[in-house]
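Follow the charged side chains in this model. Where do they pair up, and what do the pairs join?

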Amino acid sequence: MHGEMRDRGELGPRVRAARQRLGWTREALAYHAGMSGSAIAQVETGRRTNVRPSTLVALSQALGVTTDYLLGAGSSPVSMLDHSAFPYRTDEEFRSVMGAFVAEGLER
């Protein structure tokens, strides 16, 4: 197992979630990561639990996530999205806050 990293059962679901977030097929991810489609399928289904660090890096770069995210490293779970609620009382309150929110998003 020298030179390989064992995941804690989180790699497959996290690869799949990140791939689906991008709207990619397994074949598209395989192309972007320089891997075979069957290798992607094995990782996503959990049949391949030992991955080389270079494979992990290729997957993370293709998916635009960190290797820590893919392995579920760290003490707290990492979310792909942040959901917020904004209760408002008046139309003016809604316009002023949401206008700033949309403008910030457009600048990014």
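Glu44 and Arg26 meet through their side chains in a salt bridge, with 2.7 Å from N to O. A salt bridge here is a side-chain nitrogen of Lys or Arg within 4 Å of a carboxyl oxygen of Asp or Glu. Side chains of opposite charge can pair when their charged atoms come close. Glu44 sits in helix 3 and Arg26 in helix 2 (residues 26-33), so this pair ties together parts that are 18 residues apart in sequence. Helices (H or I, at least four residues) are DSSP runs, numbered from the N terminus.

This is a predicted model: local features need pLDDT of at least 70, side-chain atom pairs count only at pLDDT 80 or more, and totals for chains, interfaces and linings use all residues. Residues are numbered from 1 along each chain as its sequence is written, and side-chain values use heavy atoms, with hydrogens and water left out.

Is Glu44 buried or exposed? Its relative accessibility is 2%, so Glu44 counts as buried. Arg26 is partly exposed, at 28% relative accessible area. The cut-offs are these: buried means under 20% relative accessible area, exposed over 50%, and partly exposed in between (1.4 Å probe, protein chains only).

Glu44 also forms a salt bridge with Arg19, where the closest N and O atoms are 2.6 Å apart. Arg19 lies in helix 1 (residues 11-22) and Glu44 in helix 3 (residues 37-45), so the pair links parts 25 residues apart in sequence. Both Glu44 and Arg19 are buried.

Now look at helix 6 (residues 91-107). Glu92 and Arg95 form a salt bridge there (3.4 Å, N to O). They are three residues apart, so about one helical turn separates them. Shared partners join Arg19, Arg26 and Glu44 into one network of salt bridges.

Conventions:
Helices (H or I, at least four residues) and strands (E, at least two) are DSSP runs, numbered from the N terminus.
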